[in-house]
Each structure stands twice: as structure tokens, then as C-alpha cells.
Amino acid sequence: MTRTRAPTRIAMWSGPRNISTAMMRSWGNRIDTAVTDEPFYAYYLRATGKKHPGADEVIAQGETDWQKVVNQLTGPIPKSRHKGPSHIFYQKQMTHHLLPEIDRQWIIGLTNCFLIRDPREVILSYIKKNPEPTLEDLGFVQQQKIFDFVRAETASAPTVVDAKDVLKNPERSLRLLCDAIVVKFDKAMLSWAPGLRETDGVWAKYWYDDVARSTSFQPYEPRKGVVPDRLREIYEQCRDCYEQLYQYRLR
């Protein structure tokens, strides 16, 4: 008799301008893993009316019923991009896409992980695309709320990974992550072929230029610059949320 592996559904909760797409590349390079790219994005854009690049195309091609999205995320695991069976379903999730009206209880059945990044670096990167972000656009407050919800419901702190740690030592960080969520580490996670993927969202052509050129996690380089005065209050609020999760990071 053959033993069927229990499926593992990993929800990696991140804000924008993080290494979330590179992390998706890493997991998607495993032959046992299927990935999905920001599954609530179409719903988020339709519900908020945000004028993101390619918004109409994202809405037209994506699922705009959040309940159907939840069913997809908790249902059968799709095949990996290698066309073989998968027992791991890696879900790249943006915290700000999980709008307040979306039920949270389904999350508890997932393996929830949190990818965090210093808000100074996030803001300096974000304002190159949108010079006037709101607090909600940056996702830090939502990330802490999701973290607190999972911790309260499970009576344990979920796994937290800091982007800086990953970039400084990808193999060590990924091994720690795999150990924490009881998944065997695979060296295939350390490098990948350049280019876009079928599993990338239709917005990839607007946002994924750097990742499309990459073949691995890029070495960490501190971002130069200071947060503009007009965004200092937002930065401080993001910083508070970041520090709350930073104390739980894998190390």
C-alpha cells in the first residue's frame, strides 16, 4: 500500500514591496509544490476601485467573489508547474487584499507564515510607484491584525520570516522556515530559471521586471534614503507593527 501525504497549504502573508515574488519563485521551483499569486487581488481592486496598473485586466481575468477564492485556497491542491502531483500549496498573499468583510476563520486551517520587511525600505521602494501611499496601502497594520488573529485562534505564534535575513543567507533562512512548518527543505528553492511563469498574475508585466531577470535571491543591500517628512507619521505606525512581529522572527 502507498501512503498519501497530507496536503500542506502555506499562506505567506506579506505587504507590498517585499521579496514576496522571489519567495514564490523559490517555492514554485520545487517539484512537489503548486503556487498561487495574490488570489484576492481582483476582488480587492473591484471592491476598492484602486487605480493600479492593469486593474481592468486583473479584474476581468481574476476571481472577484472572495468566497470562491477561499474555496479554491482550501480545496484540492492544483498540479505544480512541473505538471506533476503536489502536496504543498504555496499561497502568496498580500495582507491589504484581505479586506475587513472577508471572513477570517478559514485561515486557521492553513499553515500561516508572515514575511516582514523594514518599513523604511518598503516605503522608499513604494513611493517610486506611488508617491502618496496611505497607511492601508502598505499592509503593516493588516499584517499585525492577521498575525494576532492566528495567534489567538491557535494559542501559538505563527512563523515569521524577515526579508533581510533571507537575503543575507537564503539557505539558512529557508531551512529554518521549512523546519518551522515541518516541510523538508529542497535545494531547488535556492535558484530558478529567469523569466515569467504561467502561475504569475496578469500584473506581472507591470511589477515583476526585477524578478523576471533574477535566478536567485539577490544579496542584501541597504536601501539609501530617508522617509519623507510627509510620511513620517505613517512610517512610525508601520514601524510599531513591524517591531511587534520582528520579535517572533526565525533566527
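A: Here is a walk through that pocket, with a glance at the next one.

This is a predicted model, where local features need pLDDT of at least 70 and side-chain atom pairs count only at 80 or more, while totals for chains, interfaces and linings use all residues. Numbering starts from 1 along each chain as its sequence is written, and side-chain values use heavy atoms, without hydrogens or water.

The largest pocket holds about 1,300 Å³ of space. (A pocket is an open set of points on a 1 Å grid where a 1.4 Å probe fits, with protein on both sides within 12 Å along at least five of seven lines; lining residues have an atom within 4 Å of a point. Volume is the space filled by probe spheres on the points.)

Its lining has 45 residues. Closest to the centre are Arg17, Asn18, Arg117, Ser125 and Asp210.

Helices H1, H5, H8, H10 and H11 each give at least two residues to this lining, and so does strand E3. (Helices have at least four residues and strands at least two, as DSSP runs.) H11, residues 209-213, gives the largest share, 4 residues.

By class, this lining has 18 nonpolar, 11 polar and 16 charged residues. (Asp, Glu, Lys and Arg count as charged; Gly is among the polar ones.)

The second largest pocket holds about 520 Å³. Its lining has 24 residues, with Thr36, Asp37, Pro39, Gln72 and Thr199 nearest its centre. Strand E2 gives the most, 4 residues. This lining divides into 12 nonpolar, 6 polar and 6 charged residues.
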